[in-house]
Amino acid sequence: MGTISALKSRPLAPPSTPDAAPPRRTPRAGGPGRRRRRAGWLMVAPALLHAALWIGLPVVATFALAFTKYDVLSAPQFVGFDNFREMFDDAIFRKSIWNTVVYTFFTVPFGMLLGLLLAMALHTGLKARGIFRTAVFLPQVTATVAIALVWLWIYNPGNGLFNTVLSIFGIHGPAWLLSTSWSMPSVILVGIWQGIGMKMLIYLAALQSLPKELYEAASVDGASRVRQFFSITLPLLKPATFFVLITSMINAFQSFDQIYVLTDGGPANSTTMMTFEIYKSAFREFRVGYACAQSLVLFALLLVFTLVNRRIMGGTRGHS
């Protein structure tokens, strides 16, 4: 009886249901998740420190010095918007903005078109296509100064390659880099030739990732190769096209090496670029504050063009 009384007085446990979820355990402080996060921060810390010192700090300094008069030797003097007012009154800097836009307008679209055509040609079962891919990509990894020196010989009006070939057909070639009419087209040609390798590589990688089932279904439906290109290939290449467009535009706006070697901004400032004017202001005239203001204008133009392109192309999402 005592045992029965004890059992009756003991509270009954609630019946267990088979679908009841087990109680969650509160993670302990310093558990595996926290340790993994700490290890991740430690691994990225060197890269973050490098970015903060060599990217973040110069950017902040550029914004601050753009409103000062600073020549490296003396302390900065705050001048407000005087640098910007002087900049837009400078006819040479306005010319550099126009030259940069013209250079970008021609090098980027033509380079993208040639890169896509080469990628499609090398995407096929072409023999020795690995050699051709390497040959097309080689200028991208070659030093820009070395490339500019080679093209300096090609454009030589006396014994350069271009004028030598033209003389065979009885044509007297111009002084390519010494003429205000031919200097900019000559520089544009070098820019297209040098940057075509990276565009080709990105497009080639994008083409290799396209699903073959879509092309097989289109072939069954009787779609021609031209129709497949415009209805399948181009829409699916939209993310790659957006990436190539933005990176190519940034590289075109930042062109400097070939201008410095080929023309030094001449003749008569016909090939001067924004980056070249920034270089002259900072390292030839030692007007660092003025150069920082010019850099901000370059950054603003790049930002505007990037946002406009993103708006026009509708972002980076491709069509399904």
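## S183 in helix α8

S183 is buried, its relative accessible area being 0%, where buried stands for under 20%, exposed for over 50% and partly exposed for the range in between (1.4 Å probe, protein chains only). The residue belongs to helix α8, which covers residues 183–208; helices (H or I, at least four residues) and strands (E, at least two) are DSSP runs numbered from the N terminus. Leaving aside residues up to four places away in sequence, S183 touches W176, L177, G266, P267, S270 and T271, a contact being heavy atoms within 4.5 Å.

## Basis of the model

This is a predicted model, in which local features need pLDDT of at least 70 and side-chain atom pairs count only at pLDDT 80 or more, while totals for chains, interfaces and linings use all residues. Residues are numbered from 1 along each chain as its sequence is written, and side-chain values use heavy atoms, with hydrogens and water left out.

## Overall fold

The protein has 14 helices and 2 strands, and 34% of its 320 residues count as buried. Of the contacts between residues at least 6 apart in sequence, 68% join residues at least 24 apart.

## Nonpolar surface patch

On the surface, L49, L53, W54, I55, L57, V59, F63, F299, L303 and L307 form a nonpolar patch with about 1000 Å² of accessible area together. The elements giving two or more residues to this patch are α2 (32–65) and α14 (288–313), and the largest share, 7 residues, comes from α2. V59 is found in helix α2 and counts as partly exposed because its relative accessibility is 41%.

Conventions. Patches are made of residues with over 30% relative accessible area and no salt bridge: like charges are joined within 9 Å, nonpolar side chains (Val, Leu, Ile, Met, Phe, Trp, Tyr) within 5 Å. Accessible areas come from the Shrake-Rupley method with a 1.4 Å probe; for residues, only the protein chains shown count as cover. A salt bridge is a side-chain nitrogen of Lys or Arg within 4 Å of a carboxyl oxygen of Asp or Glu.
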